[in-house]
Amino acid sequence: MVGRRRGARTGRGWDAKPPAPARPARPGDDGAGPSDGAELVDDGSARAERAAKRQAQRDPHEVAREICLRQLAVRPRTRAELAAAMRAKDVADEVAEAVLDRYDEVGMIDDAAFARAWVSSRHHGKGLASRALGQELRRRGVDAEVVTEALAELDDETQARTAYELAVRKLRTTRGEPDAVFRRVVGALARKGYPGGIAVRAVKDALAARSAEDAELAELLDPDLFDTPEQ
């Protein structure tokens with residue numbers, strides 16, 4: 001009978017693998033330490049605290065410039081818009097003023113150029129009249145004198161022509177009784193900033209170009225009913 005070879009024993013004999021080293025105890029294994037979730041929260045808080053410390057140690061002018069550059073990378077901004085963005089990030093007023101003055105000097109911000117470009121783009125792109133454009137520029141902090149100068153480039157003839165084109169397009173998609181259609185189109189022009197007189201005349205001319213019947217009806221309506229006060 002052939003005997004078993006030495007070293008072939010099983011179980012805890014010679015062929016048995018050594019036991020794996022015990023895993024070091026982790027916090028929370030015995031229920032007494034913090035859980036993994038708590039460790040993550042602690043790590044996140046620590047990282048945030050370190051980031052805040054690094055931010056506090058940076059040159060405040062560098063921080064202000066980075067804020068402005070990020071804003072300007074999206075679209076041109078007014079001086080007031082950039083100042084508001086820095087104020088929201090707790091940049092000191094004197095630091096913000098210094099950075100903005102420098103950007104003024106090198107031409108990175110120019111409220112007059114911004115206003116002119118805004119008027120041209122929004123009028124030709126959205127059909128907005130001077131009243132609506134002025135409101136938008138003032139909301140962006142542009143000085144009243146600068147707004148007036150920018151709007152001066154948008155003359156009455158140009159606005160009347162744009163209002164007429166808008167009326168023609170709006171009439172194509174507006175349905176209902178003729179007088180109701182007239183009122184809705186005039187109202188649409190008024191919401192774009194056109195005074196009542198310009199809006200009414202534009203719609204009457206658009207109706208007249210469409211049919212003699214529409215033109216006759218338009219002439220019977222009282223233009224004063226559609227006039228809107230200047231804002």
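Helix α5 is followed by G127, whose phi is positive, near 75°. Helices here are DSSP runs of H or I with at least four residues, strands are runs of E with at least two, and both are numbered from the N terminus. The structure is a predicted model, in which local features need pLDDT of at least 70 and side-chain atom pairs count only at pLDDT 80 or more, while totals for chains, interfaces and linings use all residues. Residues are numbered from 1 along each chain as its sequence is written, and side-chain values use heavy atoms, with hydrogens and water left out.

The protein contains 11 helices and 0 strands, so that from the N terminus on its elements run α-α-α-α-α-α-α-α-α-α-α. Of its 231 residues, 31% count as buried, where buried means under 20% relative accessible area, exposed over 50% and partly exposed in between, with a 1.4 Å probe and protein chains only. The accessible surface comes to about 15,400 Å², and 51% of this belongs to carbon and sulfur atoms; the areas come from the Shrake-Rupley method with a 1.4 Å probe, only the protein chains shown counting as cover for residues. Among contacts (heavy atoms within 4.5 Å) between residues at least 6 apart in sequence, 56% join residues at least 24 apart.

Helix α5 comprises the 16 residues 111-126. At 1.5 Å a residue this helix should span 22 Å, and its end C-alpha atoms are 21 Å apart, which agrees; the expected span is 1.5 Å times one less than the number of residues. At the start of α5, a side-chain oxygen of D110 reaches to within 3.1 Å of the backbone nitrogen of A112. The buried residues of α5 are D111, F114, A115, W118, V119 and H123. Seen down the helix axis, these buried residues fall within an arc of 140°, so they line one face of α5; the arc is that of the directions from the helix axis to the C-beta atoms. The cover over the buried residues includes α3 (79-88), α6 (130-139), α7 (144-151) and α8 (156-173). On the face turned away from the buried side, α5 carries the exposed residues H124 and G125.

Side chains of opposite charge can pair when their charged atoms come close. With a salt bridge taken as a side-chain nitrogen of Lys or Arg within 4 Å of a carboxyl oxygen of Asp or Glu, the count comes to 9 salt bridges. One of them joins E136 to R122, with the closest N and O atoms 2.7 Å apart. This pair links distant parts of the chain, E136 lying in helix α6 and R122 in helix α5, 14 residues apart. E136 is buried, at 10% relative accessibility, whereas R122 is partly exposed, at 24%.

E81 takes part in salt bridges with R75 (2.9 Å, N to O) and with R140, where the closest N and O atoms are 3.8 Å apart. R140 lies in the loop between α6 and α7 and E81 in helix α3, so this pair ties together parts that are 59 residues apart in sequence. E81 is buried, with a relative accessible area of 17%, while R75 is partly exposed at 27% and R140 is partly exposed at 22%.

Definitions and conventions: Polar contact = N/O pair within 3.5 Å; in protein donor to acceptor, adjacent residues only side chain to side chain.
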